[in-house]
Structures are given as C-alpha cells and as structure tokens.
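Here is a short briefing for a first look at a protein model. Keep the structure open while you read.

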Amino acid sequence: MKKKRWSFSAVTTALVVGMVAVSLLIGTGVFLMIYQRAMIQSVRTSSSQITEQVSDIVEDYMADIRDLMNQIRRTEQMTPEEREEFLSSIAMVRPDVTAITAYDRESGALLEAWTGQHVLKEQILVNLSFDEERLPEEGELLISKPHVESILVNEYPWVVSISGIVKDPEGREQVIVLDTRFSQIASYIDNVGIGKHGYCFIMDEEGNIVYHPQQQLIFAGLKGENTELLESSSDGSLEEGDMIYTIRSEEENNWRIVAVSYVDELIAEGLRDCLLILGVLLLLVLIATLICSIVLSNQLSKPIKRLISAMRDFEKDAASFSFQPAGGSREMTALSDSFGHMVVRIQELMARVRNEEIILRKTELRALQAQINPHFLYNTLDSIAWMCEDGRNKEAVDMVNALARLFRISISKGHELIPIEKEVEHAKSYLQIQKFRYKNQFEYFFDVEEQCLHYYCNKITLQPIIENAIYHGLNRMIEEGVIRIRIWEEDGDVIFSVSDNGVGMTKEQCDALLKEDSGRETGIGMKNVNDRVRIYFGEKYGMRIESEPDEGTTVYIRMPKLEEEPHESR
Amino acid sequence: MRVAKHKKQLLFGGLLLGCLLLGGGYLIYREAEGASAPRDPYRVAMIVKSTDSAFWKSVFAGAAVAATEYNVELTTEGPETEDDYETQNRLVKTAVEEGADAIIFSAVDYNANAEVITEAAEEGLPIVIIDSDVNSSLVSLRIGTVNEDAGSMAAEAVLTQTEGPLRIGVVNFDENTANGQEREQGFRDRMAEEDRVESIETINVLSTTEDARRGTKELLKQHPDLNAIVTFNEWTSLGVGWAISDLGRRDDIMVTAFDSNVVSVGMLETGEVDALIVQNPYAMGYLAVENACQILSGKEPEALHIDTETTLVTRDNMYLPEYQKILFMYD
C-alpha cells in the first residue's frame, strides 16, 4: 500500500493547532518566568515590610521596657516602703513580667525579688536570670538569651532577662533584672503570615532563636532553622533551596528578624492558574481551527477533491462522462469551468475520430466487396467450359445463371443492406456453383422463417461462412457433408446460423478465424463479416462460433431486425 | 465517497483531540481544585492512658500542632486511671462507631486491649501506637521510646551516680502494661552485667501518685537498706519522690525517675529525685498525627517503628541550654 497522504484540511488543522500550542507554551513559559520573578519580588517586598513591622513592634516593646526601667530608676527618690509597693505592683499587674530581681553590682548577691503572683523558691539552685559575667553598663539595657525562669516554685516559663543599672534609695548601685515573656511580640509574630506557610522569627546575633512561632517543634527536634547560614548572611533577601529568607537587623538589641516564605508554594499556584488558562485556550483554539478547517474544506479542498474524483472518472470512461461543475471560491469555479470545457471538447474530438474511423472502414469494406476473387472466377468458368465441351448444356446454363446471380447480388447497386431473401438467393447461387464443382460431395438445406425474408441484412453475410464450412469443414471429409442454414427471429433480432458436420475446430482456430483478415475466394473473410455487422449495428451484434472437433461447427450471426432499408449516407 | 470518508476521519480526529484536551483540562482543573480547596479533614481519634499528666498534655500539644498543620479533626481521650483498659476498649469502639478515620492508641494492657484494636484495624482504620504497645499484628506504625534502651539508660544513671554495692528497689506500675515491663527488662538486663548489684526488689503499684507513695514507703519499711530506687512513669515518679521526702531519705537513696513535670523537676532540684529519664512526648504526639495523616492519604510509612529520643537529665545538667529545651515546654 502506498504511504498515506495527508489531506489539505488535516495539514491545516495540525499546523494551526501546533503553532498555537507552541506559541502558547512559549508564552506561558515566559509569563511564568516573569510571574515567578514578580512573585519573588513581591514576596521580598512584603517580607521586608513584615520584618520592618516586627522590628517596630520590638522597638516599641523595648521603649516600653526602657520606660519601665526609668520608672524603676526614679524609685531611688522614694521611701523604701513606697519603692516596695511600686515594684510589687508592677510585678503583679504586668502579665509579661514574671519577676523583677535586684542584685548587688559588686557582689552579685540577690538582694530583693518581686514576683507578683508567683512564688520565689526558698533555695535557688541556679539563677538563669542573672549572669555575673555579663553586667550592663550605666544607662544600657542588657538582653539575655531566652531561658527558663528557674527561680519560681513549680513554674518554668521561658523568658528573656533585661537588666539595667539602678540606684537604690541609699545610693548604692544595683542591677535590676526584668524577666519578661514578651508575649506582645510573640502574639504578633504568631499571627504573621507570608503566603500559606510562610512565617517570621527572631534570632539574636549569635544565631540563637529568640522567638519562633514553632518554638516547641524546634525544641522537640521536629524542626530546625538553618541559623548558621542566616547568621553569616547580611541583611536583605536570600534564596536557599525553595525558601526565601528576608533578614533585617533590629538595631537596639542586635536581634535579627527573619521572614521565611516558600518559593514553590507561590509558583505552584501561579503555574496551576497558568495551566488552567493554557488548557482552556488550547481547547478554544482547537475548536476555532476545526471550524476554520471545515469552512476551508468547503471552500477549497472539497471542490478540489470533487474535481479530482471527476478527473478520475473521466480517465476511466471518457466517452460517457458527464461533468457537473463544482462550486467554491472564484479560482475553483474557474478551474472547474475550464475542466468542463475541456471535457466537452475532448468528447467532441473523440466522437469525430470515431465517425471518421467508421467511414474509413466502410469505404475499405466496400472496396473489398467489389473485388472478385479471380481464382474463384476462373475455376467456375473452367467448370462451365468443361460442361459445354461435354455437352451438358443445361447444367452449363444453370451454372452461368448462378454465377450471374451471384455477381448481381454482390453488387446490389452499391447497397450495403439487402433483403434477406436476396441474401438467401446469393447463398443458394454460391452453393449451387460449389456443388457442381465439388461433384455433389455435400448436401445443403435452408430453413428460413417466412417473415424474415423481408428483413434487411448486410450483404454477403452467409457466403463467407459457407465458404469456410466447405473448405475447412467438408473438403477433407470422406463421407457426405451436410450444410444447414437457418434464419429465425429471436427477441426482436434476426439470427443466422450455418452448421456443418465437418471436422470442426479447436477454440484457438475459432478465435483466429475472427481475427484473420484474408478472404480466400471472394475476398471477404469471416472477420470482415463480423466487423461489418458490428460497425453497422454495434458491439452487441456480431458473430459467435460453436465448434467441436470431429462433430462439426455452427456459426451464429446476430443482427437487429430491420423491416425496411434505412437511409444510408453514401 | 472519498471526500465524505476523509471528512469523517478529520471530524473523528478532531473530536478525539477535543476529548483529550477536555479530559486533560478537567484533570488539571481537578488537580488545581484539589490543591486549593481543602479536603474534608481526616478524623483521628487519639486514645491514651490518661489525660491529665504532663506527659500526655505534651503529647496532646504536639498532636494539636500537627492536626492544625495537616487539617485533621483530632479528638483526645483517655480513662481516668492508667489501669482502666475497659474504658479504653469502650473509647476505641465508640471512635470506630462514630466514624473515625484513624486511631492513635497507647495501651494500658498489652493483651486486654489487643482484640478491640485488631477489630478496629480489620474495619480498615490505620492504627498508630504511641508510647505503649498492644498485642496486635495489624498495627500500621509504632512511635515512641525504645523502652529497653530507656531502662538501660536508667541503669547507667544509677551506676554513674553511686558507688559501692547496690540494693535496688523498682517501683513499677501495672504488670500488664507493655512499656513499664520493657523498661524494667532493659534495666535488669543492664544491671545483670554489674557485680555491684546485690539485689533488685520490684513492687507493682497502681499508676497513681498516692499508691506509689504508699508502696514505696512499704518497700522501704521492708527493705530499709535500699540505696537506689528506680521508677518508670510520671505518676510513680512523683509517688517515690513524695515517699523519699516523707521519710527524709533524699540524701542516702539515689532515685531515678521517669518523665518530667514541674513537681518532679522541683524534686530533681531539691534532691528527692536524682535523675530523670525524659522522653519526647511532644514529638510522639506530633509524629503520630503526621503519620496517621500520611497513611490516610495513601502513603505507606517508611518504617514500622519510629523511635523518639530519651534524655538523661540530672541536677547538674538540667539548666544547660540544650536540656532546658527538653525539660521545659514552651507555651
């Protein structure tokens, strides 16, 4: 089978869909890239805003603590009772302050403690709130790392200690430590959201986490932050893996505020939307292309296809082809009209050629009929001469009459068609002459339906067949031959048949007989008879031979029934 | 004829492509929907041994965080006392009837809880065991301390903090509870290697502070020469601590206790308790819910057992930064 070729509209559809798909994909890719960049940029912007806000909150809180420390500082002017009352009330009222402790600056001994509702341990094993190694400077606020409050009975909250130098009423320098849970900062940070899973946390300059919204997950070892990396990075944005870190240093405490957001999460959302749009667009384009291709096929390829199939039909059967012009575009109509004209012209030419051929053949055949086989003639005349010499005058007269009849009918004033009666007479004359010549070696019988005698037929139809029967069928026989000629009417046609009981023929011989062009005696062979019948009456008429070797041969000729001589152009 | 056939092919091809695209688009849309619209939350029932100890509160806290993170509807329940396996069985049955998607379980009784858990598993519910095991082969995942190792760690603590011959009392809880028995086995296995050990006396008490306190006093009355006591859960730890405090023997008896709460931490500081084996209950709770959720969404757990770590906390290291994080919850 030949390689399958694509139709025009299929190619168009594939091309358009392909090109649109490719350009959409490229467009989507570019869009996604831009989108990703924009998203990252917007995340950076919002992250930096968030870190700024957290930084503000921290600074507010520190200002608040500074204010508190200043208030405590002013207690040096108070009486010890007033100071006691003031500090107790602060410890009691402020929920974020778990304990206020005072230490001797020189010795580091715990002097006083105000714990509000909480109970101070009698024996303090370890005091994490106060670090003797790290004392604040004058006027400075020192902030510790987050630690557990270790000085309260049955309570161990996580706190940050803020210490400052304050003078007591007697003028001695004390270190005041405020242990604070900074719950305000915590609750703010807990509510920070960046994207779906983004968050914000605070670490100190050494990379210790001060506050993390998932602090306990980190404690339980279920989560970790890459604090080493973050500690070594400067402020700004940092992309690490699929995360974006935005870092901002908080000036007062040297804390660093880190906002964390996830890139893939942001991009995934964009990608999903893009794919959705892409899918819908591709679908729309496909539908549009299908519609276009159907329209195109109607306008262009369908008429072309119709034209192609018309041409194929024309190739197969040029003569009986009739052309319906195809519609479609202007160019197509023009093309189709041209083809139509061409078809008509070709058919005209073909018809003319056929007519000319027929006329030529008829002329040829007429020329042949006019010929008299000299061999036959002198044989016959020889026989007559021999009869006269022999004194068989009666027979010689019959013979001469027969020969005269034969020639008269042969000529028939130049008519091709003659009544069957005449044709029978012609055949009889011929048989008579031959019977004389062959000395009664055979018998012949005519069986002609009465009404057929008035119909017309081609002249010299029977004679060549009889001649063939005599020469090929009977000549070589020892016993007496029989020739039977029948003419009858069948289905509106006239059938002639000539049977002999001679040696018969093989199939090949029969076929050769209808192809050979040479007449033996009268110059007209069997093929000539057949050709004439067909030229005059068409392909469905003509000669048919049935033959069995050693049995005999029957030749049938079918002709239409012609009740009067048609007008014949000469 | 040819034209019509061709067009049919084209139309068919177009339709096919259209269907493909529509299908693809639908899948993408579904994917998008699935990703953006939250699924119905999984319903996970967490049924444990008790609800009011610091250990279990920490487990619940971890579980609650994971439940929020993974969109899980979590219920936490347990009997009032830690020997009430019947209540546990009833709670499991109720949870199954009420349509829980998965069960997180900690067994009071290794054998008596087995049947109900197997039944629940046969109903198709993934079972995640935390802390204390149950005798069922249909458990999807076990999360918790490696109890033998924890027992062995307790033995190490006793061995490093004492000198000379050892007469040890073990105050264990319900004999049918798997984790207590495993811890004691780990402890005894380790002690069997030591020549210093002269005797190990075990008593089993109810898992309450009061019963442990009473039991310990009785044990010390019968064996006044004990110089080390080991106990294996939060309540018995408190009971032992109180008994030592009552008898004023905090200096001559080395006590190794289990789990931490504010009281036992205070006792560690004041000396009634000398060492605490601290587990990671927060991680247990978190991991249990996280893994239950993953199993429900069709992901097979990577291992059949997830080990959570245990830490030995002593008076010397309890306020070191790393140990603070283990010992004290951030709330």
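Two strands pair if DSSP finds at least two bridges between them. Helices (H or I, at least four residues) and strands (E, at least two) are DSSP runs, numbered from the N terminus. This is a predicted model, in which local features need pLDDT of at least 70, side-chain atom pairs count only at pLDDT 80 or more, and totals for chains, interfaces and linings use all residues. Residues are numbered from 1 along each chain as its sequence is written, chains are lettered from A and ligands numbered from 1 in the order in which they are written, and side-chain values use heavy atoms, with hydrogens and water left out.

**Confidence**

- The model scores ipTM 0.82 and pTM 0.64.
- Confidence in chain B is highest in strand S8 (residues 228-231), at 95, and lowest in helix H1 (residues 2-36), at a mean of 59.
- Where pLDDT is low, the predicted coordinates should not be read in detail.

**Strands in chain B**

- Strand S5 (residues 141-145) of chain B is largely enclosed by the rest of the structure, because four of its five residues are buried.
- Buried means under 20% relative accessible area, exposed means over 50%, and partly exposed lies in between (1.4 Å probe, protein chains only).
- S5(B) runs parallel to strand S4 (residues 127-130) of chain B, and three bridges join them.
- Ile129(B) has Arg142(B) in S5(B) as its bridge partner.
- S5(B) also runs parallel to strand S11 (residues 305-308) of chain B, with four bridges between them.
- There, Arg142(B) stands opposite His305(B) in S11(B).

**Salt bridges**

- Side chains of opposite charge can pair when their charged atoms come close.
- A salt bridge is a side-chain nitrogen of Lys or Arg within 4 Å of a carboxyl oxygen of Asp or Glu.
- Over all chains, the whole structure holds 40 salt bridges.
- One of them joins Glu348(A) and Arg345(A), at 3.4 Å from N to O.
- These two residues are three apart in helix H7 (residues 330-370) of chain A, so about one helical turn separates them.
- Both ends are partly exposed: Glu348(A) at 45% relative accessibility and Arg345(A) at 46%.
- Another salt bridge links Arg486(A) and Asp447(A), at 3.7 Å from N to O.
- Arg486(A) lies in strand S15 (residues 481-490) of chain A and Asp447(A) in strand S13 (residues 442-448) of chain A, so the pair ties together parts 39 residues apart in sequence.
- In chain B, Asp252(B) and Arg249(B) form a salt bridge of 3.2 Å, N to O.
- Asp252(B) is partly exposed at 43%, whereas Arg249(B) is buried at 16%.
- Glu156(B), Arg190(B), Glu193(B) and Glu194(B) form one network through salt bridges that share partners.

**A buried arginine in chain A**

- Arg94(A) lies in the loop between helix H2 (80-93) and strand S1 (97-104) of chain A.
- Its relative accessible area is 18%, so Arg94(A) counts as buried.
- A polar contact of 3.2 Å joins the side chains of Arg94(A) and Asp96(A).
- A polar contact is a pair of N or O atoms within 3.5 Å; within protein, one must be able to donate a hydrogen and the other to accept it, and residues adjacent in sequence count only if both atoms are side-chain atoms.

Technical notes
pLDDT is the predictor's confidence in each residue, from 0 to 100.
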